[in-house]
Amino acid sequence: ERSPLLLAAAETYEFALKKLGDVEDTTRDTTQVIPVWTACHLNLANLYLEIDEPAKAERHAGEVANHKTAFSLLPVASFKAHYRRGLARLALGKPVDAAEDLICARAHSPGDRKLAELCAETMRKIGKEDFFGVYKVVHAAGAQVKEGADKSSNFVATLQQGELVSVLEAKKNATGQMRLHVLPWKTGDVRGWTSLETESGVRIL
């Protein structure tokens, strides 16, 4: 029986996190604490998936996925966080949220066939087209990224020519223009909606 051993390991990691306390974006935490803090949360997410406690796995993986310094400092950890939170959300019956996490994970590991299949299966489950692959901004002026598919929504980021993005979803707005829900690689978990092409018909992605 592995469960008692896994529970004991989980208790050890939980205790370590209490000792670490709140992780701030300071130089000390960046160089010393954040890697340890990240490993504890990711190991806990994995352990809780093993013992069928997906809600706890979702919470611990989310701590890493939502931490901007951990994302920029440890990109592989971000992949693991999104992947494990995606698995937890599937187990919790949250396929829409799971799909977004799994696509984010795939952006960090586009050659992972098993993950690609899981993404495609999850997207089919929620009735959305899977835009597999990585896209590059080809428009010389780049593009603005908005909070929503409507062009009048708040501005959140700017894409530069040559920048790479993963596409999470595509739909037409009220005026019939195709809008893409994108995850820019360089800005971590900042995501939003942009156009597929300019009003003059010049492609953006």
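Reading from the N terminus, the elements of the protein chain run α-α-α-α-α-α-α-β-β-β-β-β-β. That gives seven helices and six strands, where helices (H or I, at least four residues) and strands (E, at least two) are DSSP runs numbered from the N terminus. Keep in mind that this is a predicted model, in which local features need pLDDT of at least 70 and side-chain atom pairs count only at pLDDT 80 or more, while totals for chains, interfaces and linings use all residues. Residues are numbered from 1 along each chain as its sequence is written, and side-chain values use heavy atoms, with hydrogens and water left out.

How confident is the predictor? The pLDDT, its confidence in each residue on a scale from 0 to 100, averages 85 over the protein chain, and 93% of the residues score at least 70.

Now for the overall picture. The C-alpha trace spans about 60 × 40 × 30 Å along its principal axes. Of the 205 residues in the protein chain, 44% are buried; buried means under 20% relative accessible area, exposed means over 50%, and partly exposed is in between (1.4 Å probe, protein chains only). The chain exposes about 10900 Å², with carbon and sulfur atoms supplying 52% of that area; accessible areas come from the Shrake-Rupley method with a 1.4 Å probe, and for residues only the protein chains shown count as cover. If you look at contacts (heavy atoms within 4.5 Å) with a separation of 6 or more, 51% of them join residues 24 or more positions apart.

What about charge? The protein chain has 27 positive and 27 negative charges, and their mean positions are 3 Å apart. Here Lys and Arg count as positive and Asp and Glu as negative, with His and the chain ends not counted; each charge is placed at NZ of Lys, CZ of Arg, CG of Asp or CD of Glu.

Let's start the close-up tour in the helices. The structure holds one aromatic pair. The ring centres of Phe79 and Tyr83 are 6.2 Å apart and the planes are at 15 degrees, so the pair is stacked. For the cut-offs, rings of Phe, Tyr and Trp (its six-membered ring) pair if their centres lie within 6.5 Å; planes under 30 degrees apart count as stacked, over 60 as edge-to-face and the rest as tilted. Both residues sit in helix H5 (residues 75-91), four residues apart, which is about one turn of the helix. Phe79 counts as buried because its relative accessibility is 18%, whereas Tyr83, at 23%, counts as partly exposed.

Next, go to the loop between helix H2 (27-50) and H3, where you'll find Asp52. Most residues other than glycine have a negative phi. Asp52 has a positive one, near 60 degrees, and this residue is exposed, with a relative accessible area of 63%. Ile51 lies in the loop between H2 and H3 too, but Ile51 counts as buried at 14% relative accessibility. Which residues does Ile51 contact, leaving aside its neighbours within four places in sequence? They are Ser3, Leu6 and Leu7. Val156, by contrast, is 105 residues away along the chain from Ile51, and their C-alpha atoms are separated by 39 Å.

On to the strands. Val137 lies in the loop between strand S1 (135-136) and strand S2 (143-146). Is Val137 buried or exposed? With a relative accessible area of 1%, Val137 is buried. Not counting residues up to four places away in sequence, Val137 touches Gly142, Leu159, Gln160, Gln161, Gly162, Glu163, Ile204 and Leu205.

One of those partners, Gly162, is found in the loop between strand S3 (155-159) and strand S4 (164-172). Gly162 counts as partly exposed at 37% relative accessibility. Beyond its neighbours within four places in sequence, Gly162 is in contact with Lys136 and Val137.

Finally, the segment after strand S6 (192-195) holds Val202, which counts as partly exposed at 41% relative accessibility. Val202 touches His139 and Glu197, not counting residues up to four places away in sequence. Val202 and Gln144 are 58 residues apart in sequence and 15 Å apart in space, C-alpha to C-alpha.

How values were computed
pLDDT = per-residue confidence, 0-100.
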